[in-house]
Number of protein chains: 2
Amino acid sequence: MAHGDGLKVVGKRVSRLNGPDIVTGRVAYADDIQLPGMLYGRMLRSPHAHARIRRMDLSKARALSGVVDVVCAQDVPELSIFPSEEVCYEGQKVAAVAAVDPDIAEDALELIEVDYETLPPVIDPAAAIHPDAPEAQVGVPTEEVTDSEGRRLRNVASYQVIEEGDVERGFAESDAIFEAEYRAPYFHQTYLEPTSATARVEPNGRITVWKSGQGTFTIREDLASALKVAEGRVRVIMTETGGSFGAKNRLILEAQTALLAMRTGRPVKVTMNREEEFLDGRPAPGCWVRLKTGARKDGMLMAVEGRIVWDGGIEGRGGASNRLLGPYKIPNVMLEGFAARTNKPTPGAYRAPGGPQTAVARESNIDMVARELGIDPVEIRLMNGLGAGDYAPSGAPLQHDWLRDTIRKAAETVRWGRRRLKRNQGMGIAVGDWQNASGQTNAFVTMAADGSVSVVTGQVDITGLHTVMAQIVAEELGVPVEKVTVTLGDTDTVPYTSLSAGSKAAYSAGTAARKAALEARERLLRLAAERLEVAPEDLAIADGRVEVVGSPEHTVGVDELAGMAIDSEEGPISGRGVLNRIPTYPTYSVEVATVEVDTGTGQVRLIDLVAAQDVGRALNPMLVEGQMQGGAVQSISFGLMEGYRYDDEGRVLNPNLLDYAIPTALDVPNIKTVLVEDPCELGPYGAKGVGEPPIIPGAAAVANAIYDAVGARVTEMPMTPERVVAALRD
Amino acid sequence: MAHGDGLKVVGKRVSRLNGPDIVTGRVAYADDIQLPGMLYGRMLRSPHAHARIRRMDLSKARALSGVVDVVCAQDVPELSIFPSEEVCYEGQKVAAVAAVDPDIAEDALELIEVDYETLPPVIDPAAAIHPDAPEAQVGVPTEEVTDSEGRRLRNVASYQVIEEGDVERGFAESDAIFEAEYRAPYFHQTYLEPTSATARVEPNGRITVWKSGQGTFTIREDLASALKVAEGRVRVIMTETGGSFGAKNRLILEAQTALLAMRTGRPVKVTMNREEEFLDGRPAPGCWVRLKTGARKDGMLMAVEGRIVWDGGIEGRGGASNRLLGPYKIPNVMLEGFAARTNKPTPGAYRAPGGPQTAVARESNIDMVARELGIDPVEIRLMNGLGAGDYAPSGAPLQHDWLRDTIRKAAETVRWGRRRLKRNQGMGIAVGDWQNASGQTNAFVTMAADGSVSVVTGQVDITGLHTVMAQIVAEELGVPVEKVTVTLGDTDTVPYTSLSAGSKAAYSAGTAARKAALEARERLLRLAAERLEVAPEDLAIADGRVEVVGSPEHTVGVDELAGMAIDSEEGPISGRGVLNRIPTYPTYSVEVATVEVDTGTGQVRLIDLVAAQDVGRALNPMLVEGQMQGGAVQSISFGLMEGYRYDDEGRVLNPNLLDYAIPTALDVPNIKTVLVEDPCELGPYGAKGVGEPPIIPGAAAVANAIYDAVGARVTEMPMTPERVVAALRD
């Protein structure tokens with residue numbers, strides 16, 4: 001078993017194995033699937049944020065030549081995949097058409113007649129819960145929560161309270177208190193690849209669905225549930241994912257696509273356009289936050305009190321407030337969390353869900369009390385941050401100083417306090433905390449007679465997971481990584497596998513790959529021991545050969561052993577790793593932004609950004625840096641550019657990439673990544689999950705840098721020039 | 001573990017799971033593969049059976065618009081996939097073209113100029129080895145064998161002798177001796193699906209090949225060797241096979257297809273037409289046999305002496321003579337086996353390779369000595385046949401009377417000796433012996449939360465193998481077979497798997513499936529034991545539930561356990577079976593034909609055929625019967641209709657399905673199948689391999705029936721009216 005510093009493949013900058021396929025356009029994405037006799041589906045979508053459906057007439061659409069099927073709620077009363085009486089957000093699917101070509105399907109949409117009676121929309125989450133607000137969906141049950149005057153709040157889908165110590169006493173003991181309101185809008189994962197699904201009903205009645213995403217089995221569960229069929233009747237095959245960031249974790253249009261295939265008996269493909277992605281994808285939720293933070297003059301945080309109202313879309317998803325605490329020891333806490341129903345699509349996951357939105361409030365407040373107390377922002381975070389001897393939010397004792405190490409490395413790298421800044425330039429630091437998930441995963445390893453190795457896993461490859469698995473297998477079996485091929489299984493070919501999400505893919509599937517490889521390795525060593533007439537313990541694997549330790553001239557090729565195994569009684573070398581959850585650790589990201597603010601126009605120029613991250617061990621530093629760069633860009637983008645805008649009727653004003661700004665290469669500054677490697681005990685080779693943390697603190701760091709530069713505290717995301725100018729005026 | 005008569009799914013008539021896909025035309029065969037940017041390849045083929053290539057000019061073909069590549073030997077001197085100096089059979093691939101459409105590729109072939117100098121062809125295998133025969137391939141090394149006059153034989157690619165006892169003494173002690181010469185022509189497997197391959201070079205340089213056949217790994221080995229690349233650089237994915245019968249076991253056009261893809265950088269598909277199948281497939285070899293058989297007046301066989309010259313095609317494949325012995329105890333043996341090189345394509349495997357050809361000679365001779373001695377043909381076979389207390393050809397002691405049981409059941413079924421036949425009608429019996437193979441195989445089982453089961457195997461599904469695997473897994477896990485899905489892995493996703501050939505697929509992969517299912521079952525029972533608070537030994541699985549034996553009200557659903565497992569620490573239920581060879585047993589087929597011969601025209605009408613087979617245990621009687629029906633038809637067809645015919649220049653006169661006759665439904669009589677079930681010890685549930693034996697004795701039974709009807713012994717296959725008339729005249 002390979003350990004520590006003797007690593008030969010793990011920890012190296014191995015290029016993503018399918019990188020050439022991706023950059024040469026040879027990867028087949030979901031929309032590239034072509035099946036004989038395939039139909040094209042399109043969705044009729046609500047033009048209103050909230051309306052009653054008075055009448056629908058599909059007859060003209062059905063009569064159009066080339067249209068094979070048109071379906072709405074009344075055709076499938078047993079399913080709940082179309083609304084029958086009320087539309088609750090703009091873009092909601094009202095009916096679906098399947099036709100022999102996509103243009104005919106599009107034309108047919110225009111022939112569907114729907115008579116709507118508009119209803120008042122609920123758009124702002126803070127306003128949504130007001131006792132006088134209209135209902136986002138008429139008559140849907142909500143939580144019983146009342147305001148201070150005892151009036152029942154509206155549209156509250158969930159409500160929770162976190163209370164520790166005594167906040168009143170905490171604030172009484174504080175020497176500096178800062179309180180502010182923060183807002184973040186809905187924002188979108190803006191993956192390159194639009195959502196696409198293709199469904200086919202097999203002659204035996206089973207349904208096969210091709211799509212991209214982050215986990216086949218989750219989609220299978222959801223589809224089986226939406227279509228009211230047994231899971232075993234559904235097969236989900238995942239194509240390469242052209243970006244998802246959490247959005248494609250769950251159903252978007254798969255149930256409607258499969259329904260069209262079931263009704264027509266022909267394969268059906270549906271691909272969304274960019275407007276549909278904005279209107280009916282699974283974007284990140286916005287929120288409204290009021291947060292009050294108190295600290296003693298020595299810098300110790302004494303109390304946090306606050307309320308967060310998540311913009312939960314039509315299903316009222318969310319409600320957690322714990323992320324407002326961050327990685328700090330705070331003795332007195334009182335936090336209320338709400339999920340408000342609004343007339344928007346149900347939000348989905350977006351990389352560290354809730355992380356960036358809450359970091360802005362928390363890290364802004366900490367900076368403000370630090371400044372009031374005259375304490376350095378780095379210092380106050382070092383002082384209050386969790387470290388060795390403390391307990392993680394999970395309750396597990398911490399044995400490392402991961403957070404402080406990461407803050408210090410970030411500060412060192414940026415020469416915190418020693419860098420000379422010009423007028424209207426400023427520097428801000430912010431901290432993000434996370435803990436990677438873990439879940440069902442698997443890896444199967446086998447070795448061919450030429451020593452090449454095949455790995456099969458149900459864990460979807462996002463951001464290079466399969467490359468990392470290949471590295472791990474290559475490491476343990478002593479072969480070059482080029483000889484390892486990793487193939488994604490589907491729901492028919494591998495055991496239940498959880499989502500590649502929650503920063504857990506490399507952590508969990510990497511562990512499964514290592515387990516499978518070690519089983520194969522053990523067999524290799526047994527074969528070599530027989531051949532070389534020594535004990536397996538006396539053998540080592542290096543450079544494609546097994547050799548006797550201390551006597552390297554006694555050696556046999558791994559390929560030769562693999563060939564022998566194929567003809568041996570036990571059969572080919574193989575190894576299996578089938579796992580469930582394994583313990584995980586907290587992990588930290590720290591970003592320092594340097595900005596220049598044009599006090600006339602409010603324009604913020606991000607000069608540079610340092611992103612430091614506590615990664616345990618970087619299994620592939622190049623891929624980890626890629627994650628950090630990508631996450632930092634998304635965080636900056638959330639902070640400075642992104643966000644849905646609505647008109648008074650609740651219609652999205654910017655559902656396209658012209659009006660919804662995301663950074664181009666010119667908008668992104670130099671990002672310097674700093675890997676902080678202090679291996680954890682149970683991750684593969686000491687690694688921690690790395691995908692989500694880098695998106696958390698960037699926007700908060702920029703907000704603190706703006707304040708440092710010009711003394712303006714911007715509390716609403718994105719921090720557009722208008723808002724900066726307004727903050728300067730305050 | 002399910003045993004014996006308590007079986008609920010194994011042994012039942014379960015319809016082939018993908019039957020509906022096949023009969024509704026929804027299965028994707030190799031030629032259905034479509035890849036973006038794909039080119040179409042065609043092969044230029046030799047019009048001569050034997051010729052020297054003086055000059056080739058590809059320039060005009062290369063200049064044709066739409067042609068992307070033209071390649072011949074001189075372009076790839078490092079490979080041996082095109083001849084550079086000499087063509088050795090009609091239809092041999094001389095050059096390959098890739099073009100944007102198949103018509104342009106075809107046109108380009110006509111623009112390739114080849115200047116040939118014809119050489120004398122070698123067609124008849126008996127003549128081929130004559131010392132004065134021309135060489136089939138100039139200067140190729142052959143075995144050193146001389147004739148009785150000491151002259152060196154020609155074109156002998158292999159030579160072997162089997163000698164036991166003293167044949168001279170054996171014949172001296174015989175009371176009846178019969179000697180004859182037999183001939184069989186080349187004949188073709190005439191699968192419905194023509195050979196097709198599609199190849200693509202991936203951006204990382206690996207080569208993916210889609211094709212149908214009987215084993216992915218064998219094709220990978222052959223391709224890697226032909227293209228001189230490492231095996232790990234090749235991925236072979238097998239589509240549903242529309243018939244193969246051994247022909248598609250090895251390369252036919254895959255190397256040339258892959259070469260075109262490698263040279264052009266684009267996917268290339270090549271599909272053969274029927275003429276190409278005949279000229280350059282891998283048909284069954286013909287042979288020439290001289291066989292002398294002696295028996296004592298009590299019926300005991302005393303001696304066999306003979307010589308077989310296999311028509312080994314240009315590579316001189318074959319040479320074995322052991323099958324001339326059959327399943328009989330014969331004390332004195334002298335057999336010579338030759339493989340002759342001839343100007344024909346290299347023969348391949350065809351269901352029980354060599355079985356039908358040798359059975360005709362052996363079973364005819366036995367019938368003739370029986371008749372001379374006045375002993376019943378059934379009796380002489382029972383008397384001399386191997387049974388309990390004897391040793392199998394493998395040397396293993398036999399503990400069953402499988403052969404005699406099968407002969408008796410066949411004779412009983414046909415009312416042997418008691419059936420009244422009309423004038424010119426006759427009945428003939430013949431026996432075939434075989435021993436199924438075994439080899440590397442695997443199965444991986446996993447269970448979903450709804451109790452549905454997925455099985456993955458590298459073992460290609462021919463004749464319902466995957467259905468049988470599903471039955472076995474369903475049996476052990478107590479679920480209905482409809483809840484089991486079997487998926488074929490490819491060379492990237494499963495361990496090395498041997499061919500689905502040699503009657504071994506259900507025997508070996510069935511054992512692997514059972515092993516995998518038992519591992520999953522063990523886990524199921526452990527989970528149930530925890531849940532029901534009893535020991536696993538006290539539990540039984542029935543109808544989707546695990547129950548406490550003797551207390552069936554204490555029960556838990558298999559689906560519930562599977563769901564629990566997914567969330568448990570050990571993770572989802574899975575099981576693995578990775579195997580190599582396991583011991584196998586001899587197996588027997590006995591066929592009885594009833595014919596009527598028109599003595600004027602020589603026309604033979606097959607009235608009926610009884611096919612009995614020693615199957616150990618029929619895992620799925622319907623599929624076993626299907627195998628027996630199919631094999632019997634092919635055997636009759638070999639005996640009465642099939643065979644390549646050649647002109648004097650060695651060109652095939654009938655390379656198409658108009659001139660090469662195979663039976664239509666009207667040509668096939670009623671075939672009655674008799675399953676003889678006496679389980680063997682080590683096969684799954686006592687099963688033996690069943691695929692090949694039924695093709696062995698049919699033609700021999702017909703030959704014996706013709707003799708019984710009209711006293712004419714036809715010794716050359718097929719037994720056409722002309723040959724029957726000629727035999728009647730002798």
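Biologist: Which residues of helix 13 of chain A meet helix 14 of chain A?

Modeller: The model is a predicted one. On the side of helix 13 of chain A, the residues are Arg523(A), Leu524(A), Leu527(A), Ala528(A) and Arg531(A). They meet Val558(A), Glu560(A), Leu561(A), Met564(A) and Ala565(A) of helix 14 of chain A. By class, this contact holds seven nonpolar, no polar and three charged residues.

Biologist: At what angle do the axes of helix 13 and helix 14 of chain B cross?

Modeller: In chain B, these axes cross at roughly 95 degrees and come within 10 Å. Helix 13 of chain B is therefore roughly perpendicular to helix 14 of chain B. Helix 13 of chain B contributes Arg523(B), Leu524(B), Leu527(B), Ala528(B) and Arg531(B) to the contact, and helix 14 of chain B contributes Val558(B), Glu560(B), Leu561(B), Met564(B) and Ala565(B). These residues divide into seven nonpolar, no polar and three charged.

Biologist: Why are the two copies said to be related as by a two-fold rotation axis?

Modeller: Chain B is superposed on chain A by a rotation of 180 degrees with 0.1 Å of shift along its axis, and the RMSD is 0.1 Å. The copies are thus related as by a two-fold rotation axis.

Biologist: How do you know that the copies meet through the same surface?

Modeller: Of the interface residues of chain B, 100% are also interface residues in chain A, so the surface is the same. The contact takes 51 residues from chain B and 51 residues from chain A. About 3,600 Å² is buried between the two chains, with carbon and sulfur atoms giving 48% of that area. On the side of chain B, Arg26(B), Pro203(B) and Arg576(B) lose the most area to chain A, together 17% of what that side buries.

Biologist: What makes the pair of Glu519(A) and Arg576(B) a salt bridge?

Modeller: The closest N and O atoms of Glu519(A) and Arg576(B) are 2.3 Å apart. The cut-off is 4 Å, so the pair qualifies as a salt bridge.

Biologist: Why is the salt bridge of Lys60(A) with Glu113(A) said to tie together parts that are 53 residues apart in sequence?

Modeller: The closest N and O atoms of Lys60(A) and Glu113(A) are 2.6 Å apart. Lys60(A) belongs to helix 2 (residues 59–63) of chain A and Glu113(A) to strand 6 (residues 113–118) of chain A, so the pair joins parts 53 residues apart in sequence.

Biologist: What is omega for the cis peptide bond of Met717(A) and Pro718(A)?

Modeller: For the cis bond that joins Met717(A) and Pro718(A), omega is about -10 degrees. Pro718(A) is in the loop between helix 16 (698–710) and helix 17 (721–729) of chain A. In chain B, a cis peptide bond joins Met717(B) and Pro718(B), with omega about -10 degrees.

Definitions and conventions
Residues numbered from 1 in each chain as written. Chains lettered and ligands numbered in written order. Predicted model: local features only at pLDDT ≥ 70, side-chain atom pairs only at ≥ 80, totals over all residues. Heavy atoms only, no water. Contact = heavy atoms within 4.5 Å. Helix = DSSP H or I, 4+ residues; strand = E, 2+ residues; numbered from the N terminus. Nonpolar A, V, L, I, M, F, W, Y, C, P; charged D, E, K, R; others polar. Least-squares fit on C-alpha atoms with pLDDT ≥ 70 in both. Buried area = accessible area lost by both parts, 1.4 Å probe. Salt bridge = Lys/Arg side-chain N within 4 Å of Asp/Glu carboxyl O. Axes fitted to C-alpha atoms, helices over the stretch in contact; angles between N-to-C directions. Parallel < 35°, antiparallel > 145°, perpendicular 65-115°, else oblique.
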